[in-house]
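Reader: I have a structure open and would like to learn how to read a few of its features. Could you take me through them?

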Amino acid sequence: MHTLNLGILAHVDAGKTSLTERLLFAAGVIDELGSVDGGSTRTDTLELERRRGITIKSAVVSFRLRDTTVNLIDTPGHPDFIAEVERVLGVLDGAVLVISAVEGVQAQTRVLARTLHRLRIPTLIFVNKIDRGGARHGGVLDEIAARISPSIVPMSTVEAIGTKRAAVVAETDWLRLADHDDAVLAALIEDRPPPPPRARDKIHPVYFGSAITGAGIDNLIDGITTLPTGPGGDTGASGTVFKVERGPAGEKVAYLRMFAGTLRLRDTVGVDRVTGIQVFADGVARPADQIRAGQIGTVRGLTKIKIGDPVGVRHQAARQAHFAPPSLETAVLASRRADLHAALADLAEQDPLINLRQDDERREVYASLYGEVQKEVIQATLAEQYGIEVTFRETTTLHIERPAGTGEAVEFNKVDPNPFLATVGLRVGPADQPGVTFGLEVEPGSMPAAFFVAVEQSVRETLRQGLHGWPVPDCRVVMTRSGYSARQSHAHGVFDKSMSSTAGDFRNVTPLVLMAALRRAGTVVHEPIHAFRAEVPPDTVPAVLPLLARLRAIPLETGPAGIDGLVPAAMVHELQRRLPALTRGEGVLDSAFDHWAPVRGPAPCRERTGPDPLDRKEYLLRVVRRAGAREAS
């Protein structure tokens, strides 16, 4: 029996959760189809999900399709919860990308498709809702070819499309497949049966159907069972944590996909011991004494585990997805500040991209967000699960900074004006890959390992606020100088920290060096840009275009389906608000993050929090004051 870890992905309302229900019904796991609108689906288990009719948290359900055990992961479709999708992609063997036959390829569809392609995840495309009025066949295929990939292979045609009688006829477009598959081309030339089409990195079979009526589902199952299964074997244990939540007693529950080997009860992971295991099978999570390669389960007892952590060695098949970080920020206000911070810390543990920021002077906590729906969900979660009523300040657009060039700086041990017993030299420059990379041009053995760790941790913390106060998420930092004062003591043998370097010296001097280097490199402030589609009546396009120009939006394509283009994230809400008045109330806006772009004109600044290494005198005073407060406590 093969095991396939399968993700179901889609733009919101394309019918992803309904498709999951239909597959569970076809597999015999459920006797009756659940309803998204009725709040009775198997995978939308949160009360908030049932009320809103959207998926907020990823959910796992396992079942058998023919000779394959499928661990299906249902993911959120709303762009505000893209972080949930990112964490799931790293543990998938294959994916089904769901597209509505009515709305076609939408903004979030394209974001998901680009990421699936970059991670080389074999992907089937399922065009859903063929029974709805306005459903299309050829038009949707043209959209998929133009906006997702030209390497598609239609696997069926549809009769009576757009009606309740819509039916699917299995029919592979072998000629189109032959353009991408030499084996198929050779078979057609030699007049023999071609091999069955399979999803590969760049070839996407396209199936049509309806999750509601069941049309085309058997055809789709044929395709799912041809997807390649993941690695396995009895080598050393290797797994990845893709989700963390809290159990009824507040205990941490980690969702784990095993790539190789076996994790057993009472095994040690880091400093913790596994105290409980459940494995997903036959529609439920069952208690077990181990998780084997290919399986997905939950693990208890790992108090230090975080999302993305490996269990054992990191497996080469584990992928790293990189969607853009949140582009909005808001202050979260509550009368019970201590309780609020603890509750938000819990939520940030489950979703690290919430990225809490503390302003000690204002005694406020800021949270990063993807959108207004996510803000509403956080507010409801805090009220229902923690009993904390919160309000929010107005949401502001987050920016980022990127180095404009390369800069270097150094502070020497026992050389004024450096008051810390540490030599640190750093060079900072543009990144050659997403994220912050830290490297060494000094010998790793030139000082204790704890001092290098302190420098790297301080670098990453300092880069949360660049020259203009915005995060610097993508850059390369290299340590070019190092030095320390060896452990010394008085004649009576008592350690004297005033004469010996400590990790604190390196933590405190690093921000001064890094910001001096960054100042020499310079930074460019970038703003988030969204790809949008405005579905508007064709005769209203001339009225909409001037609005787009005023909002700094760039139309890229105008056609019968509407206007596709790019717009600054800060203008999305205004465009959404004003579009109905220009389109007789018929205009619909759909958008998703696309890229970061340099800000035109004066760079916006964000007020800094904490000690400011750009102001050396103020920084040193606050560091000394903070150290004194710690000693007094």
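This is a predicted model: local features need pLDDT of at least 70, side-chain atom pairs count only at pLDDT 80 or more; totals for chains, interfaces and linings use all residues.

Reader: How do helix 1 and helix 8 cross?

Author: Two packed helices are described by the angle and the distance between their axes. Here the axes of helix 1 (residues 16-26) and helix 8 (residues 217-224) come within 11 Å and cross at roughly 85°, and helix 1 and helix 8 are therefore roughly perpendicular to each other (65 to 115 degrees). Helices are DSSP runs of H or I with at least four residues, strands are runs of E with at least two, and both are numbered from the N terminus. The axes are lines fitted to C-alpha atoms, for helices over the stretch in contact, with angles from 0 to 180 degrees between N-to-C directions.

Reader: Which residues of helix 1 and helix 8 meet?

Author: Leu19, Arg22, Leu23 and Ala26 of helix 1 meet Ile217, Leu220, Ile221 and Ile224 of helix 8, where contact means heavy atoms within 4.5 Å.

Reader: Which residues of helix 13 are buried?

Author: In helix 13 (residues 541-550), the buried residues are Val541, Val544, Leu547 and Leu548; buried means under 20% relative accessible area, exposed over 50%, and partly exposed in between (1.4 Å probe, protein chains only). They cover an arc of only 120° around the axis, which puts them on the same side of helix 13, the arc being that of the directions from the helix axis to the C-beta atoms. The face turned away from that buried side carries the exposed residues Pro542, Ala549 and Arg550. What covers the buried residues of helix 13 includes strand 30 (523-535) and helix 14 (572-582).

Reader: Where is Asp131 found, and is Asp131 buried or exposed?

Author: Asp131 is found in the loop between strand 5 (123-128) and helix 5 (138-147), and at 6% relative accessibility Asp131 counts as buried. Its side chain makes a polar contact with the side chain of Ser210 (3.0 Å); such a contact is a pair of N or O atoms within 3.5 Å, and within protein one must be able to donate a hydrogen and the other to accept it, while residues adjacent in sequence count only if both atoms are side-chain atoms.

Reader: What is the relative accessible area of Glu190?

Author: Glu190 is partly exposed, with a relative accessible area of 49%.

Notes. Residues are numbered from 1 along each chain as its sequence is written. Side-chain values use heavy atoms; hydrogens and water are left out. Angles under 35 degrees count as roughly parallel, over 145 as roughly antiparallel, 65 to 115 as roughly perpendicular and the rest as oblique.
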